[in-house]
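Visitor: Could you walk me through the aromatic rings in this protein, close up? I'm new to this, so please take it slowly.

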Amino acid sequence: MPLPRVFLDVRIGTTGGDRIIIQLFTDRVPKTCENFRSLCTSENPSQLTYRNSIFHRVIETFMVQGGDITKGDGTGGASIYNDAGVFEDEDLGWREIDEEGLVCMANRGKDTNNSQFFITLGPAGHLNGKHVVFGKVVKGMEVVREMEEVEVDEDDRPIEEVKIIHCGELEFKGGNIKKVEEPTRARHHAHAHVIGHTGVAVTPALAHDTDTVPTIVLRVTVPPPAPAIIIDDAPHHAPAPDAKEQAQRK
């Protein structure tokens with residue numbers, strides 16, 4: 001069984017929207033992955049979602065940080081697991097934070113994970129053992145690099161809004177899929193069926209890197225706005241390297 005993949009469609013400024021696809025390490029940190037997956041699909045009792053949330057912190061060569069679904073400034077967030085909005089660390093030491101494109105939980109200390117996360121722009125060894133690594137960007141790293149280039153203020157907050165305008169899960173299925181329109185086959189493309197709450201499906205093509213034609217179900221949720229659950233007033237930060245003391249947790 002392949003590891004699950006989710007997507008974030010990110011818009012910089014007021015137009016467009018480009019896709020980041022993230023593979024989740026469910027074989028190593030299943031609880032953390034399920035929190036992230038459920039926030040991408042809004043398949044949770046409170047319909048919490050990353051949709052319409054922003055990336056509130058960008059540090060060149062280090063990371064981009066988002067996922068504050070309640071306040072949007074790094075002081076909020078929520079999880080799917082409990083009313084406190086946080087959950088415990090899971091297998092912190094299973095791998096090093098040693099390359100670009102790793103997706104990790106942001107926190108404010110031990111066992112304070114919620115919805116906030118960051119994507120690395122390079123190795124960040126000073127974070128090893130401090131943040132749960134739960135995913136990796138497998139497509140769309142160029143989008144993350146575009147995010148890296150946005151102008152920021154003195155608090156590393158983008159001047160131009162960087163927003164998740166859609167998100168969901170990619171499900172790899174073998175054979176035909178019931179209750180979904182039959183896709184039009186095309187070489188070098190997999191086919192994605194967009195399914196909303198109404199069950200109505202459309203079939204846009206999703207570029208694929210091989211000559212095979214796997215069938216993919218692309219679940220895109222359009223839930224109501226997430227409730228404003230304020231968990232804590234302290235910022236959730238992935239601490240910056242020593243060379244960037246000005247961006248350390250305030």
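Guide: Happy to! Keep in mind that this is a predicted model. The protein exposes about 11,500 Å², and carbon and sulfur atoms supply 50% of that. As for the inside, 48% of the 250 residues count as buried.

Here's the layout. The protein has 2 helices and 12 strands, and from the N terminus on they run β-β-α-β-β-β-β-β-α-β-β-β-β-β. Take the contacts between residues at least 6 apart in sequence: 68% of them join residues at least 24 apart.

Now for the rings. A search of the whole structure turns up 7 aromatic pairs. One of them is Phe-25 with Trp-94: the ring centres are 5.2 Å apart and the planes sit at 75°, and since an angle over 60 degrees counts as edge-to-face, that's what this pair is. Where do Phe-25 and Trp-94 lie in the chain? Phe-25 is in the loop between strand S2 (18–24) and helix H1 (30–41), while Trp-94 is in the loop between strand S4 (63–66) and strand S5 (102–105), so the pair ties together parts that are 69 residues apart in sequence. Phe-25 has 10% relative accessibility, and because the cut-off for buried is under 20%, Phe-25 counts as buried.

Next, look at Tyr-50 and Phe-117. They form an edge-to-face pair too, with 5.3 Å from centre to centre and 70° between the planes. Tyr-50 belongs to the loop between H1 and strand S3 (55–59), and Phe-117 to strand S6 (residues 117–120), so this pair ties together parts that are 67 residues apart in sequence. Are these two buried or exposed? Tyr-50 is buried, at 0% relative accessibility, and Phe-117 is buried with a relative accessible area of 0%.

The charged end of Arg-19 sits over the ring of Phe-7, 4.1 Å from the ring centre. Over at Tyr-81, it's Lys-31 whose charged end sits over the ring, 4.8 Å from the centre.

Methods. Residues are numbered from 1 along each chain as its sequence is written. This is a predicted model: local features need pLDDT of at least 70, side-chain atom pairs count only at pLDDT 80 or more; totals for chains, interfaces and linings use all residues. Side-chain values use heavy atoms; hydrogens and water are left out. Rings of Phe, Tyr and Trp (its six-membered ring) pair if their centres lie within 6.5 Å; planes under 30 degrees apart count as stacked, over 60 as edge-to-face and the rest as tilted. Helices (H or I, at least four residues) and strands (E, at least two) are DSSP runs, numbered from the N terminus. Buried means under 20% relative accessible area, exposed over 50%, partly exposed in between (1.4 Å probe, protein chains only). A charge sits over a ring if NZ of Lys or CZ of Arg is within 6 Å of the ring centre and within 35 degrees of the ring normal. Contact means heavy atoms within 4.5 Å. Accessible areas come from the Shrake-Rupley method with a 1.4 Å probe; for residues, only the protein chains shown count as cover.
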